[in-house]
Amino acid sequence: MKIKDVMTAAPRTCAADDNAATAAALMLDGDCGILPVLDSAGRIAGVVTDRDLYIALATRDVRASELKVAEVARRHVITCGPDDDVHMALDTMRQHQIRRLPVEGFGGTVIGIVSMNDILLTAGARKGVRTEEVVGVLQAIGAHHHPVPHIATV
């Protein structure tokens with residue numbers, strides 16, 4: 001199965017000069033948790049997630065209208081192509097512990113987003129992706145990055 005068979009086409013995007021309030025509104029309206037950040041030529045220059053926005057706003061104590069997307073967007077972007085195999089995307093997600101990949105078209109344009117949810121909704125014995133495989137990737141993605149302190153109960 002190819003990425004183009006499961007991706008969400010024509011995703012919402014934003015510009016680096018947009019503010020966090022605009023990005024959050026785009027995410028809310030598009031029911032998504034990630035926005036590719038495009039440069040002036042329409043090529044992918046970064047990504048920003050709902051988590052990135054929340055952490056930045058909570059730790060910097062600024063208004064969403066005062067925080068530029070460029071200040072929180074990740075510039076190192078992991079992508080896939082529309083003709084890539086879904087299994088390759090799952091391996092990439094597992095390796096980088098990410099849930100969503102922008103789908104890069106010709107010349108660095110963004111033509112879609114593929115998420116773990118997209119893949120999970122199409123998984124099944126007849127679809128070429130086993131549900132157990134998706135669960136394994138989700139477990140790898142969800143692994144704690146840092147030791148989690150445990151609180152002893154009496």
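Biologist: Which residue in β6 stands opposite valine 103?

Modeller: This is a predicted model, where local features need pLDDT of at least 70, side-chain atom pairs count only at pLDDT 80 or more, and totals for chains, interfaces and linings use all residues. Residues are numbered from 1 along each chain as its sequence is written, and side-chain values use heavy atoms, without hydrogens and water. Strands (E, at least two residues) and helices (H or I, at least four) are DSSP runs, numbered from the N terminus. Opposite valine 103, β6 places glycine 112.

Biologist: In which sense do β5 and β6 pair?

Modeller: Two strands pair if DSSP finds at least two bridges between them. β5 covers residues 100–104 and β6 residues 110–115. They share five bridges, and the sense is antiparallel.

Biologist: Which residue in the hairpin of β5 and β6 takes a positive phi?

Modeller: Five residues lie between the strands. The phi near 70° belongs to glycine 107.

Biologist: Within what arc do the buried residues of α2 fall?

Modeller: Helix α2 spans residues 50–60, and its Asp52, Leu53 and Ala56 are buried (under 20% relative accessible area; exposed is over 50%, partly exposed in between; 1.4 Å probe, protein chains only). The arc is that of the directions from the helix axis to the C-beta atoms. The buried residues line one face of α2, because seen down the axis they fall within 95°.

Biologist: What do the buried residues of α2 pack against?

Modeller: The face turned away carries exposed Arg51, Tyr54 and Thr59. Contact means heavy atoms within 4.5 Å. The buried residues of α2 pack against α1 (20–30) and β4 (44–49).
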